[in-house]
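Biologist: Could we go through how the two chains meet in this structure? I would like to begin with a charged pair.

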Amino acid sequence: MAEAYTTAGAKVTAADRGRLWVTLYLAVTGIVLLLMMTLGLLMRLAQSDILTLDPALFYQMMTVHGTGMVGIAALGGMAVMWHFLSAHVRLHGWVLGVNLVLFLAGVVAILAADFLGGFGGGWTFLYPLPATSGAVWPTWAAALHLSGLLVIGVGFLIVCLEIARAIIVGYGGLGRGLGWHVLFANSTENVPPPTVVASTMVVIVTTLALTAGAAILVMSLINIAFPEIQINPLLAKNMTYFFGHVFINATIYMAVTVVYELLPRITGRPWKTNKVFLAAWTLSTTMVLVIYPHHLLMDFAMPTWMMVIGQVLSYVNSFPVLIVTGLGALAILHRSGIRWDLISTLLLISMFGWMAGVIPAVIDATITVNSVMHNTMWVPGHFHFYLLLGLLPMQFAFMIYLARGEDVTPQGGDMTAILYLLFGLGFVGMFLMGGWASVPRRWATHLPEWLIWDQIASVMAVGVIVLATVFVLKFLTRMPRILQEA
Amino acid sequence: MTVQTVSLLLSAAAILILAAVFLRVRVLAHAVEDYAPVQGRAYRIRAIAFWLMLLVGLPISIWLLRDMPYEADATEAQIVNATAAQWYWELDREDVSLNRPVEFHVASMDVNHGFGIYDAAGRLVAQTQAMPGYVNRLVHKFDAPGTYRVLCLEYCGLAHHGMMAEVIVSETGGSDG
Ligand code: HEM
Ligand SMILES: [Cu+2]
């Protein structure tokens, strides 16, 4: 089969059919990213009182921006992971194609539901808002939006199952993909490389997240069709945030494979699997699943023990993968004699953005802090931090890497990455300042005393968008070449 | 210092320290050293970080659990029933008195809302979610007089940003009726 490799650890740069899809994934990711960023800028300008937007339109844009960004975070992350994983296990490229078709179908449904139908229930579609909009949007729009999400979720589920299958075939089980035979039985055979370990974790948690997400979507759809069949709102909220938390977190675990794979090639220093690394990933696999109650700390009806878990384990969870990977990356780079260029700088920034972005989140997961920070701008401050400056630089680095024909010899260009970091810091910093000033999140119009943060953020956002455009164009303009090689 | 300011300063300090570490690696990357000693140092730092987080951080996190808002003491509380609906608040009492706990019974008639209390300076001082089918009990003791505002802190649709109400806190503060 032309589209798969079984060579464990070998460096594979050959063209293949899976690569065609990976390339298309990245193209869609890049284009949607720039569009969604533009929507974000428009929202920030509206909050700044510079642009007048009808609140209904603002909330539609907020819904599209949130949903779209989470969607491409997963699409781009999946492309990265698939590409590197396919050097270790035998994957069927057509599965990526099926997912892309479903993804695009879902996107069309969601765009129609939101911009034509007027749906604005937020990317979290929290029950019972989709069906109970105060007659602002029609039921069909809610049903169409949720169905679109369901279709997209099913697509990603299929990909996860395919990856799980491949890992089971290649390594003899998901436990072995996580390296448990090494961790618990001191085996030295068939040790999974970091990319395989990360991929195994991703498919386990994403499958669970998507199952919960699909379930709550179906339940909500049933409720829309038969309003007399109701859902317990607290259960619905738990399912929604379990899905949302795990899914968005998994995107960064997908993308981090680019760090594991490229830093060794750039520096000539290996990134090997060892027991600490394996223990960290196994711990994170479980912890990422149980810490989601930190999104429900202000739901006083929740059992207190879940709240305690939400706080304490959120704190503990920051240690394993984050520190192991962060310090691992720093050690590989430190005094390695490299010349910085665009790819290596983006990778360095991504590790910083990920680690730093978690800090305000851990602080906010403290219940007493959450009482005065929950649902303020502090929250978008933290997640834009690790998505804009952690996840995206990983994806950009991968795009540039493909655009350069998988060549990692230094070719300059790191100034653009540094500018991106600076504008990005300014942009997320203003969200955090808004949180400090108690500005609520998800408000279409802001009080006069809040505008200063919004306005500075708008300027910074322009910078972010310009630089993101530079990175995406570097990839898109090279795309014909990449496809030709494939 | 407010909780918000402490959180901001702590975050800023931690992020700056992290930035300094990254900057150092960035600046020194061109130098060449064998990997083994560098990796050894990184492992040691990792071990130190691990034990610090376990022996210092974890106890702090547990200690911070001591005043959770869920079971707050409400002896001789003034009761306020607050009900949310798209897109307004209904409070059965607006005047409360200083330095005595107020127990808000927060409920919703339709979708999820968020009951956020802002002081006269516009600072968020307490909150709970308003969820259909549940009554959340939020206890807060006001220690400064003034007009407080209730803003909606859970996205609830078109006029989410327009949901405001007032609570007036004074020495005498209305009757417990
Ligand atoms: C130039 C870049 C960006 C700008 C200007 C921007 C702007 C915004 C704004 C204004 C909001 C609403 C904030 C509020 O009032 O609650 C928002 C929410 C959000 N953004 Fe961004 N954003 C950008 C990049 C990103 C990226 C890269 C991602 C993810 C990969 C992302 C994901 C989200 C999500 C998930 C929400 C939550 C939506 C909701 O609350 O329903 N954004 N963004
Ligand atoms: Cu609201």
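Modeller: Arg442(A) and Glu154(B) form a salt bridge, with 3.8 Å between the closest N and O atoms; the term requires a side-chain nitrogen of Lys or Arg within 4 Å of a carboxyl oxygen of Asp or Glu. This is a predicted model, in which local features need pLDDT of at least 70 and side-chain atom pairs count only at pLDDT 80 or more, while totals for chains, interfaces and linings use all residues. Residues are numbered from 1 along each chain as its sequence is written, and side-chain values use heavy atoms, without hydrogens and water.

Biologist: How many salt bridges are there between chain B and chain A?

Modeller: The count is three.

Biologist: And how many residues are in contact?

Modeller: On chain B, 76 residues are in contact with 89 residues of chain A, contact being heavy atoms within 4.5 Å.

Biologist: What area is buried between the chains?

Modeller: About 7,100 Å², with carbon and sulfur atoms giving 68%. Buried area is the accessible area (1.4 Å probe) that two parts lose on being put together, summed over both. Arg26(B), Tyr70(B) and Tyr155(B) supply 12% of what chain B buries against chain A, more than any other three residues.

Biologist: Changing topic, is Thr67(A) buried or exposed?

Modeller: Thr67(A) is buried, at a relative accessible area of 12%; buried means under 20% (1.4 Å probe, protein chains only). Beyond residues up to four places away in sequence, Thr67(A) touches Ile110(A), Trp123(A), His145(A) and Leu149(A).

Biologist: Which backbone oxygen does its side chain reach?

Modeller: The side chain of Thr67(A) reaches that of Thr63(A), at 2.6 Å.

How values were computed: Chains are lettered from A and ligands numbered from 1 in the order in which they are written. Buried means under 20% relative accessible area, exposed over 50%, partly exposed in between (1.4 Å probe, protein chains only). A polar contact is a pair of N or O atoms within 3.5 Å; within protein, one must be able to donate a hydrogen and the other to accept it, and residues adjacent in sequence count only if both atoms are side-chain atoms.
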